[in-house]
Amino acid sequence: MNKLWKLVVPMVSAIIGIAAISKWNFFAHLAFVPENMAYEIGITVYFAIADTLLDILKEGIVVRLKNSVLSEIGVIISLPSTEATVESTPIIRFNDTGQAEANITVKIQGARRHFKNVYLEIPAVSFATVQPTRYSSEVTVDGSGVYRINLEKLFAGNDRTQSETTFRIVLAQETVDGDRDVMLEPKIVKKKIWVCYKHNRARLEAKA
Amino acid sequence: MKMHRIKLFWKIGDAEKKVYAIDYDADQEYSTFLHKCNVSGYRQIIISSEVMVLLLKKSVINDGFQVYRIEFQQEDDQLQEEINGILDQLPTKPLLFGELLERLKCMTERSSIDIKNIYIKGRNDNGIAVNYYVQSNGIIGINNEVFENISEEISSLVAGGLFYE
């Protein structure tokens, strides 16, 4: 798209520049500009102006398209009271009583229709049980232990949102006969192609 | 006073979450008990600090019981002393319960598993002594005389706190 734009812009700006200068050349009206150079100076400046106007137009179109056609969602798993990014991989460890906790931060920017019946899932882990810290209407843990956030509910009935929500989870370690670890990777189920999804992962470790 | 111990679980395959209270004999090795429950499809329930606060509110405000001990995961002498100080004064200054709740709520903002155990005692409407403790790992000990009622109440409060509104 960008390459196509780069090809088209010089042609369009040349057409606009020539069309504009044939109607009215500002530089032809300046006394200090030699008559034989007025056209050359004018066409150079008009090209540049047309170029800039097209760039501004492009930015406007991209922002509008992005806002109406695309949605973005970012999911970050982090340890309580710590910062994490999409590049980081926090390590979640169980305490002496076999419990652990983590935060799941969901940032959404976009349209609700893009998230209809779309869920964020933390798949079930064989050696641990995940649960919310308190009831939340957006969260369920299904009969097989999959932790699920209903993303449409984060819009609270609005057509669009730009929001950040943190869900707190706790994990209970089930019995293990050796050290175990697994990568927790938040997945979006039924993700639409116009939803841009970025996320990190977290490593869950259990000691026997 | 003999205590009846249970541990709370939910069960794999349940379409609607239900809390199961399974008898736990303290003489039994904990990991063996957990393994047996796991094999039978039960999954542990953690009683988060947020739910512990709900339990405290219900026990003290609704039932008129007394909270006489709270233990934390992190060893913090200063915090423990501060909480003990409030708990010691509670019988004569019940308004301090609000301060206790505020303190605990602040803690839950940092961690959801910091409240390890709570201990409650009192008398029910029939004048029968009530004594129980709740651990964050879902183990609950209740004196035999009131076991049925109290275990049902706690299970239903935990279910509400975690799975329903």
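Which residues have the most contacts inside the largest nonpolar core? The close-ups below take that up first, using a predicted model.

**View 1. The largest nonpolar core, with 80 residues.** Inside this core, V106(A), L151(A) and I70(B) have the most contacts. The element that gives the most to the core is helix α5 of chain B, spanning residues 147–162, with seven residues. Another core lies apart from this one and has eleven residues, including Y20(B), Y24(B), Y42(B) and Y119(B). As a general background, nonpolar side chains tend to be buried together in soluble globular proteins.

**View 2. V106(A) and the residues it touches.** Leaving aside residues up to four places away in sequence, V106(A) touches I73(A), G74(A), V75(A), L120(A), I149(A), L151(A), L154(A), S163(A), E164(A), T165(A) and F167(A). Look for L151(A) in this view: like V106(A), it is among the residues with the most contacts inside the largest nonpolar core.

**View 3. S163(A) in strand β8 of chain A.** The strand runs over residues 160–173. Here the side chain of S163(A) makes a polar contact with the side chain of T161(A), at 3.5 Å. Not counting residues up to four places away in sequence, S163(A) also touches V106(A), K107(A), I108(A) and L154(A).

**View 4. L79(A) in the loop between β1 and β2 of chain A.** Strand β1 covers 71–78 and strand β2 covers 91–93. Is L79(A) buried, partly exposed or exposed? With a relative accessible area of 24%, L79(A) is partly exposed. Beyond residues up to four places away in sequence, L79(A) touches P90(A), I91(A), I92(A), E101(A) and N103(A).

**View 5. Helices α2 and α5 of chain B, packed together.** Helix α2 spans residues 49–62, and its axis lies 10 Å from that of α5(B). The two pack at an angle of about 135 degrees, so α2(B) and α5(B) are oblique to each other. The crossing of α2(B) past α5(B) is right-handed. On the α2(B) side, the contact is made by V51(B), L54(B), L55(B) and K58(B); α5(B) brings E153(B), I154(B), L157(B), V158(B), G161(B) and L162(B).

**View 6. Helices α2 and α4 of chain B, packed together.** Helix α4 is made of residues 96–110. The axes of α2(B) and α4(B) are 9 Å apart, at an angle of about 170 degrees, which makes the two helices roughly antiparallel. From α2(B), the residues S49(B), E50(B), V53(B), L56(B), K57(B), V60(B) and I61(B) meet F97(B), L101(B), L104(B), K105(B) and T108(B) of α4(B).

Notes
Residues numbered from 1 in each chain as written. Chains lettered and ligands numbered in written order. Predicted model: local features only at pLDDT ≥ 70, side-chain atom pairs only at ≥ 80, totals over all residues. Heavy atoms only, no water. Helix = DSSP H or I, 4+ residues; strand = E, 2+ residues; numbered from the N terminus. Polar contact = N/O pair within 3.5 Å; in protein donor to acceptor, adjacent residues only side chain to side chain. Contact = heavy atoms within 4.5 Å. Core = buried A, V, L, I, M, F, W, Y, C linked by side-chain atoms within 4.5 Å. Buried < 20%, exposed > 50% of the residue type's maximum accessible area, 1.4 Å probe, protein only. Axes fitted to C-alpha atoms, helices over the stretch in contact; angles between N-to-C directions. Parallel < 35°, antiparallel > 145°, perpendicular 65-115°, else oblique. Left-handed = near helix turned anticlockwise from the far one by under 90°.
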